[in-house]
Amino acid sequence: AYRIIQEALTNVTRHAPGDATKVRVAYREGELAVQVDSDGSNTSRNGTRPGGNGISGMRERATALGGNLDAGPRPTGGFRVLARLPLDLASRPGSTVAKPQPR
């Protein structure tokens, strides 16, 4: 979760410097949700081009943990990164952790 937030904030700094940005971390039953929203008040003026590895790297991290990541423009402007990460280790792909049995 930390690395996903770090990369999302790095992307805001590179592509929309000065944008107001909100980071939300929410614990829900069985998952951790991480959301980073930039408001879209600025556009990239520093000559950087889209197509780097930031979003794909965040998506790979989320998938490796058995979660998912959505990233894209918000309807009201700006950009959103939303990751949902399971807290149950047994649900991770390739996990060898035994699932608890009901008693």
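What we have here is a predicted model, in which local features need pLDDT of at least 70 and side-chain atom pairs count only at pLDDT 80 or more, while totals for chains, interfaces and linings use all residues. Residues are numbered from 1 along each chain as its sequence is written, and side-chain values use heavy atoms, with hydrogens and water left out.

Let me start with the layout. There are two helices and four strands, taken as DSSP runs (helices H or I, at least four residues; strands E, at least two) and numbered from the N terminus. Along the sequence they follow the pattern α-β-β-α-β-β.

Which residues make up the largest nonpolar core? That core, a set of buried Ala, Val, Leu, Ile, Met, Phe, Trp, Tyr and Cys residues joined through side-chain atoms within 4.5 Å, has 11 members: Ile 4, Ile 5, Ala 8, Val 34, Val 36, Met 58, Ala 62, Leu 69, Val 81, Ala 83 and Leu 85. Two or more of these residues come from each of α1, β2 (31-38), α2 (54-64) and β4 (79-86). Val 81, leaving aside neighbours within four places in sequence, is in contact (heavy atoms within 4.5 Å) with residues including Ile 4, Ala 8, Val 34, Met 58 and Leu 69.

Ala 33 sits in strand β2 and is buried, with a relative accessible area of 3%. The C-alpha atoms of Ala 33 and Arg 84 are 4.5 Å apart, although 51 residues separate the two along the chain. Outside the four places on either side in sequence, Ala 33 contacts Arg 24, Val 25, Ala 26, Arg 28 and Ala 83.

Turning to Ala 20, we are in the loop between α1 and β1 (21-28), at a residue that is partly exposed, with a relative accessible area of 46%. Ala 20 and Ser 38 are 18 residues apart in sequence, yet 5.8 Å apart from C-alpha to C-alpha. Beyond residues up to four places away in sequence, Ala 20 touches Asp 37, Ser 38, Asp 39 and Ser 41.

Finally, Leu 9 belongs to helix α1 (residues 2-15) and is partly exposed, at 33% relative accessible area.

Key:
Buried means under 20% relative accessible area, exposed over 50%, partly exposed in between (1.4 Å probe, protein chains only).
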